[in-house]
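Me: I have a model open and would like to go through its local geometry and packing with you. Could we start once it is on screen?

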Amino acid sequence: FVVLLSELSQPSDAADIAMKMLEALAAPTQIAGHVLSLTASIGIAVFPSDATTGPELIEIADGAMYAVKRRGGSSFGFQELARTGSAPASELIVSRRPKLSEQLDMAQLRQANEQLVMTALAAHKLKDFADEARDNKVKFLAMVVHELRTPLTAIQLAADMLRFGHTDEAQPKRLQAIIEEEVKHLVFLIEDLVDASRISTGKLRIELNELDVGAILEKAVEANISIMAGRSQTIEAKFSPKPILLRGSKVRLKQIFSNLLDNASKYTPAGGHIEVSIEVVGDEVLIVVSDNGIGIPPHILPHIFDLFVQEPGALTLHSGGLGIGLALVHELVAAHQGTVSAQSSGRNRGSKFIVTLPTIRADQK
């Protein structure tokens, strides 16, 4: 590391700062459960008495630093003894051109020092990654427990009511409907977890066949219209009058579009509006799902397709889900050799998701 001190009145000021740096570095530091005390070697060159160019100053300071290192380190040194007596004589170094053997020693020391620094930085980064992974794991397990508890509680209550009898003939049917609905919810959550596991292990595979992507989009919209109507939302869909052929999986493409539509509906308040469109541009088809909902904050936008990402402010509008849907969309689109992107102007400014997929050209049939 090179430290440039541009406004010093005398060399002793540099000595004072060097001492403060050594004291700061010597303070015990805890890394991965180990308490470490660091030492350092500091070489000092002064402009213009030592040299008048940057490279020469760095070379002189570098030589002084390695001379300190050979002497035992944890100290600092100037270029020459003929300098002022502003620093202790024990900290001043007489400079001379090193012999070839000393140059080789310096090169080896420099290389070892660089490797040591890189190793320390890598260990620190690995520790940060490990801490983050541990925190994410704890948060995810808490989220899974919360999501599974809701349907299980409803099923348990319905089962208790069936066991203790009923007051009218219609009650068993209502309780059966509750149990069936919550079981579907559990199956949905478990399937999401299985897909998330496949994503993280790289085992997500799909079988591609020639199909009309426009027809699949229409069915996905039809399947979500009733849900949106229940939330007092409106939807405007612009479909293609002609078939748009590509190679893909019917089930997985419908899953992509359903997840995007469900995401738009969940994070759009009652009375909101959702738009869906599909068009061919060159050799690609663009599917756009947009809404005028709560939008995506700028700090969340780069991570919107990561697993288990849920913006805290969004949970006030919709508390369900495991944060898997958009991550799955990203992986499924990639499996179709396509791309998906998200756009938003910020909170309460709506959002837009654009899926781009390659079509089948006439010469490919």
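Predicted model: local features only at pLDDT ≥ 70, side-chain atom pairs only at ≥ 80, totals over all residues.

Me: Where is Gln337 placed, and is Gln337 buried or exposed?
Reply: Gln337 sits in the loop between α7 and β10. Gln337 is exposed, at a relative accessible area of 64%. Buried means under 20% relative accessible area, exposed over 50%, and partly exposed in between, with a 1.4 Å probe and protein chains only.

Me: Which loop holds Asn348, and what is its phi?
Reply: Asn348 lies in the loop between β10 and β11. Although Asn348 is not a glycine, its phi is positive, about 65°. Asn348 also counts as exposed, at 57% relative accessibility. Most residues other than glycine have a negative phi, and most peptide bonds are trans.

Me: On peptide bonds, which residues does a cis bond join?
Reply: The cis peptide bond joins Phe47 and Pro48, with omega about 0°. Pro48 is in the loop between β3 (41-43) and α2 (54-71).

Me: Back to Asn348. What does Gly293 contact beyond its sequence neighbours?
Reply: Leaving aside neighbours within four places in sequence, Gly293 is in contact with Tyr267, Thr268, Pro269, Asn348, Arg349 and Gly350. Contact means heavy atoms within 4.5 Å. Gly293 belongs to the loop between β9 and α7, and it is buried, with a relative accessible area of 3%.

Me: Changing topic: how do α6 and α7 pack?
Reply: Their axes are 9 Å apart, at an angle of about 145°. Axes are lines fitted to C-alpha atoms, for helices over the stretch in contact, and angles run from 0 to 180 degrees between N-to-C directions. The α6 and α7 crossing is left-handed. A crossing is left-handed if the near helix is turned anticlockwise from the far one by less than a right angle, and right-handed if clockwise.

Me: Which residues make that contact?
Reply: From α6 come Arg252, Gln255, Ile256, Asn259, Leu260 and Asn263, and from α7 come Gly325, Leu326, Leu328, Val329, Leu332 and Val333. The buried residues of α7 are Leu326, Ala327, Leu328, Val329, Leu332 and Val333.

Me: And α5 against α6, how do their axes cross?
Reply: The axes of α5 and α6 come within 9 Å and cross at roughly 40°, and this crossing is right-handed. Among the contacting residues are Ile216, Leu217 and Val221 of α5 and Leu253, Phe257 and Leu261 of α6.

Me: Which residues touch the most other members of the largest nonpolar core?
Reply: Leu253, Ile256 and Phe257 do, in a core of 35 residues. A nonpolar core is a set of buried Ala, Val, Leu, Ile, Met, Phe, Trp, Tyr and Cys residues joined through side-chain atoms within 4.5 Å. The elements that give two or more residues to this core include α5 (213-230), α6 (250-266) and α7 (325-335). A second, separate core of ten residues includes Leu22, Ala40, Ile44 and Val46.

Me: What does Ile256 touch?
Reply: Not counting residues up to four places away in sequence, Ile256 touches Val329, Leu332, Val333, His336 and Val355.

Me: How many salt bridges does a search of the whole structure find?
Reply: The search finds one, and it pairs the side chains of Lys266 and Asp262 at 3.7 Å, N to O. A salt bridge is a side-chain nitrogen of Lys or Arg within 4 Å of a carboxyl oxygen of Asp or Glu.

Me: How far apart are Lys266 and Asp262 in helix α6?
Reply: They are four residues apart, about one helical turn. Lys266 is buried at 16% relative accessible area, whereas Asp262 is partly exposed at 24%.

Notes. Residues numbered from 1 in each chain as written. Heavy atoms only, no water.
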